[in-house]
Amino acid sequence: MVLICPRIHFYEINDQTWFPQYLREKVQSCLTLCWTFRAPLLQKVSPAELVASTLYRTLSDDVTKYTYVDFCAGAGGPTPFIEKDLNTQLSSRMTNGSSGSNADNKGLTPRSPRNASATGNGTVKFVLTDLHPHIPDWTEASKKSENLSFVSDSVDAANAPSSLNGGEGKKIFRLYNLAFHHFDDRLGSDILRNTIETADGFGIFELQERTISSLITIFAMGLLMFAITPFYFWRSPGHLFFTYIIPIIPFVLVFDGYISSLRTRSAEEVQALMKECGASCDGWSVKSGHEQHTFPTGYMTWVIGVKQ
């Protein structure tokens with residue numbers, strides 16, 4: 001992996017207050033689709049499935065010891081799909097008679113329409129949180145799985161409430177899916193410090209990086225949206241209008257994708273930020289990787305930290 005430049009913290013259109021909320025939601029729905037869509041021949045699995053497989057493989061037998069809390073869930077993003085796929089893999093492992101430890105049933109009690117207690121069948125729990133909660137979207141998502149819940153209050157990833165810091169044997173694993181690049185160094189440092197001080201593990205997953213191949217993939221993604229939009233968003237005349245008549249949605253996807261690439265930290269830069277954040281990293285083990293999500297140019301970068 002050859003980085004084309006130092007990290008540059010430019011601004012993304014979809015983050016701006018002046019950008020219409022209506023269009024922001026359309027762009028977010030496309031980003032969720034990018035996580036869950038699998039292009040035949042070009043993708044072996046969807047990026048969301050790739051995250052679930054990475055967690056399963058990297059955490060190994062410890063994967064069931066955590067509650068997974070998405071601290072930047074937005075409208076839900078890939079987390080409901082990661083939950084489904086990870087628990088499918090765990091159920092398959094139990095069926096084959098080689099399941100690991102079950103998640104502890106006590107501790108964190110998020111607010112949601114469903115009971116968040118463990119079912120005792122080897123599945124793990126996922127919790128959606130955000131600084132700006134998306135209650136209607138999260139309510140709909142949580143209805144589809146007893147293993148998915150949410151916290152309805154605003155949650156600051158740099159100052160997590162005590163209810164999300166574990167307790168009574170419950171371990172907390174923080175997820176940052178396509179999110180950590182949004183934080184400048186100061187905020188990123190604060191979030192890592194709070195994570196190290198209060199959580200038991202974390203995972204940073206990005207679908208882009210500061211490489212030429214990533215820029216090519218993002219441009220191809222914009223073109224792909226023109227091809228698949230009628231199949232996924234045909235019920236929304238507005239989505240069709242702002243894709244084909246006035247192509248604001250694909251433009252923002254590609255433009256913000258390029259900015260996201262320039263913002264994305266390498267694994268080495270994340271670990272350097274950890275060392276400089278002011279919290280002691282003693283007892284923490286950090287692994288990182290580089291997985292192809294789209295042939296031939298799309299790669300997912302990940303950093304997973306675990307308190308030993």
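Biologist: How do you know that strand β1 and strand β4 pair?
Modeller: This is a predicted model, and in it β1 (residues 66-70) and β4 (residues 171-177) share 5 bridges in the parallel sense. Pairing asks for at least two bridges, so the two strands count as paired. As an example, Y68 has F173 in β4 as its bridge partner.

Biologist: Which order do the strands of the open sheet follow?
Modeller: The 7 strands run β3-β2-β1-β4-β5-β7-β6, and their pairing is mixed.

Biologist: What makes β3 and β6 edge strands?
Modeller: β3 (148-150) and β6 (284-294) each have a single partner strand, so one side of each lacks a neighbour in the sheet. From one strand to the next, the twist averages 20°.

Biologist: Which helix lies across β1, β2, β3 and β4?
Modeller: That is α3 (residues 79-95), which runs at about 175° to β2 (126-128).

Biologist: How do helices α1 and α8 meet?
Modeller: The axes of α1 (residues 21-36) and α8 (residues 248-263) come within 10 Å and cross at roughly 60°. Their crossing is right-handed. On α1, the contact is made by L23, K26, V27, C30 and L31, and on α8 by I248, I249, V252 and L253.

Biologist: What is the make-up of the contact of α1 with α8 by class?
Modeller: There are 8 nonpolar, no polar and 1 charged residues. Lys counts as charged, so K26 is the charged one.

Notes:
Residues numbered from 1 in each chain as written. Predicted model: local features only at pLDDT ≥ 70, side-chain atom pairs only at ≥ 80, totals over all residues. Heavy atoms only, no water. Helix = DSSP H or I, 4+ residues; strand = E, 2+ residues; numbered from the N terminus. Axes fitted to C-alpha atoms, helices over the stretch in contact; angles between N-to-C directions. Contact = heavy atoms within 4.5 Å. Left-handed = near helix turned anticlockwise from the far one by under 90°.
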